[in-house]
Amino acid sequence: MTLGERQGDEKNDSKYCGVETEFNDDMPQLLSVNIHGGFDFVVAPLMDPAYRPSLLVSGNGGSGVLPFAGSDLVLSPSQWSSHVVGKISSWLDLDSEDEMLRRDSEITLKQEIAWASHLSLQACLLPAPKGLTCANYARCVNQILQNLSNMQLWLRIPLEKSDDDGDRSPNSMGEEHGDSWEMWNSFRTLSEHHSQLSVALDVLSSLPSVNSLARWFGEPVRAAIINSSSFLTNARGYPCLSKRHQNLVTEFFNHSIQVARSYPQVYSVEFSIMYIVQCISDTFVGKMS
């Protein structure tokens, strides 16, 4: 039973568990395996990761079909909108010093968002900023948001912060201190606090302080991606979460934040689907009982 269908819980419509996948041009098979395995949705790349606009132009004069993950007809409109979150290419670097990479990144970002909008996806996962400088990235995202209908853009942000909880400038991006909240705050400010821009937290094996975690629950967090390295292996060889991670997942569900398992996976596909969904599900059920 998927998390969204659990009975006897007044908030069951908000408890969904998804899985981040690698690129696969057989979307029906990808969706079928994961949905029937217990996940509610997939976070799937929309474009072949090897694609670069500059290579396409130099290779065939600019003609050709873009390497999207299948036709828009391979899934029904309801399947696209209800079970697929588009994952924008992770190689994008719109603030790179390399002019070609910067240009390729901007073109690809706009192409992928346009395709996701055509598919009527509810959300797309944007890659995290590559460094302190994200002005051009934020500018392009803000430009896209001005012409976007109802789709949400989730900016991937690593959930990390140094042990130093001292005062710092509110305009600092915080690379020295490892404060990812400052990264998010800078990006959303440059994007003019657009209501369709929200956060997807990348939950790592090491968690920041309680105070640092609490700050995120005042932000528009729509999803939490549990990194595969966050799972431990218990005495029976099954994946489990630490107590701190369990408490955090419970808080995510209590705040109607969707949870997904990251790619790459450290277990086999069958093992991952069978036990990791159960692990996350049991975390919440145990806290409710």
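Student: Which residues does Leu126 touch, not counting residues up to four places away in sequence?
Tutor: In this predicted model, Leu126 touches Ile88, Leu109, Ile113, Tyr137, Val141, Leu153, Trp154, Leu155, Arg156 and Leu197.

Student: OK, and which residues touch the most other members of the largest nonpolar core?
Tutor: Leu126 is one of them, along with Leu109, Ile113 and Leu153. That core has 63 residues.

Student: Which helix gives the most to this core?
Tutor: Helix H5, residues 135-146, with six residues.

Student: What does the second, separate core include?
Tutor: That core has 10 residues, and Ala123, Leu125, Ala200 and Ala223 are among them.

Student: Switching to voids. How many cavities of 30 Å³ or more are there?
Tutor: One. The space in the largest cavity comes to about 30 Å³.

Student: What lines the largest cavity?
Tutor: Leu125, Ala200 and Ala223 turn up again here, and the rest of the lining is Phe41, Val43, Val85, Trp154, Ile225 and Ala260. By class, nine lining residues are nonpolar, with no polar and no charged ones.

Student: Which strands each supply at least two residues of that lining?
Tutor: Strand S2 (41-45) and strand S7 (221-226).

Student: What about Cys134, buried or exposed?
Tutor: Cys134 is buried, at a relative accessible area of 2%.

Methods
Residues are numbered from 1 along each chain as its sequence is written. This is a predicted model: local features need pLDDT of at least 70, side-chain atom pairs count only at pLDDT 80 or more; totals for chains, interfaces and linings use all residues. Side-chain values use heavy atoms; hydrogens and water are left out. Buried means under 20% relative accessible area, exposed over 50%, partly exposed in between (1.4 Å probe, protein chains only). On a 1 Å grid over the protein atoms alone, a cavity is a set of points where a 1.4 Å probe fits but cannot get out, and a pocket is an open set with protein on both sides within 12 Å along at least five of seven lines; lining residues have an atom within 4 Å of a point. Grid points are joined across faces, edges and corners, and a volume is the space filled by probe spheres set on the points. Helices (H or I, at least four residues) and strands (E, at least two) are DSSP runs, numbered from the N terminus. Ala, Val, Leu, Ile, Met, Phe, Trp, Tyr, Cys and Pro count as nonpolar, Asp, Glu, Lys and Arg as charged, and the others, Gly among them, as polar. A nonpolar core is a set of buried Ala, Val, Leu, Ile, Met, Phe, Trp, Tyr and Cys residues joined through side-chain atoms within 4.5 Å. Contact means heavy atoms within 4.5 Å.
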